[in-house]
Amino acid sequence: MTKAISTNSRKSLVVFATIGIVCALALALGSIMGCSPKQADPAAKEAKEDPLMAQPVEWSMESDCQTCHSTEAATMADEKCPQASEHADLECVQCHTAEDSLAESHTDLKYGDMEKTADLKASKVTVDDQSCQVPECHGTMEEMAAQTEGKVFLTDSNGNQVNPHKYDSNEQHDANQPTCIDCHKVHSEDMQKDATKWCAQCHHRGVFTCGNCHEIRERPVSHGA
């Protein structure tokens, strides 16, 4: 009698163990299926897209530039950028007056482009000398040259000083007339460095006098035997 009960107990344990294993496998399989990556539904993704992002930007000379060009806007209040901060009371379009050029650079822009790029850096040259050299602003080059006479903004490695607004006439200078923004990167912190970089395109040895590259020297002539 005792032996029969023992056999039945073992059978019951085997049955319960089997049921437990089956349940554990079912749970494991369900967990795996639940964690498997789901295929994205293209229709659902398209439904979430904001239709405004595909709309073209309606730019005009009255647009608020700092909405996109926040880097340049920040320099207008930054004392480390004196050229910009000293113009902080001006509207952007008072200097950036080339409307046709500005309109072209904003062609085909969409609101989605601004979403992708949090800070769009202005890269197209849109300031001409006439924007700077008006009587109520900086005046003529001659007037500016008088104001900067004796200044040491540009001093070369030999101690030679150059008046940055008195551009001496010679063949190379006359063929490469600078504009205001060649030296004055208004939204930059270092005017002297910017101006020096312009000069260094030709005076690349850091000396403003001529004859530093192709010097004519008298050399002894060696005669063959």
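**A colleague's note on the predicted model**

1. To begin with the core: the largest nonpolar core consists of 5 residues, namely L154, C183, A195, C199 and F208. Such a core is a set of buried Ala, Val, Leu, Ile, Met, Phe, Trp, Tyr and Cys residues joined through side-chain atoms within 4.5 Å. Buried here stands for under 20% relative accessible area, with exposed over 50% and partly exposed in between (1.4 Å probe, protein chains only).

2. A word on the basis: this is a predicted model, in which local features need pLDDT of at least 70, side-chain atom pairs count only at pLDDT 80 or more, and totals for chains, interfaces and linings use all residues. Residues are numbered from 1 along each chain as its sequence is written, and side-chain values use heavy atoms, leaving out hydrogens and water.

3. On confidence, the protein chain has a mean pLDDT (the predictor's confidence in each residue, from 0 to 100) of 77, and 67% of its residues reach 70 or more.

4. As for the fold, the protein chain holds 12 helices and 2 strands, taken as DSSP runs (helices H or I, at least four residues; strands E, at least two) numbered from the N terminus. Along the sequence, the order is α-α-α-α-α-α-α-α-α-β-β-α-α-α.

5. Finally, burial: of the 225 residues in the protein chain, 16% are buried.
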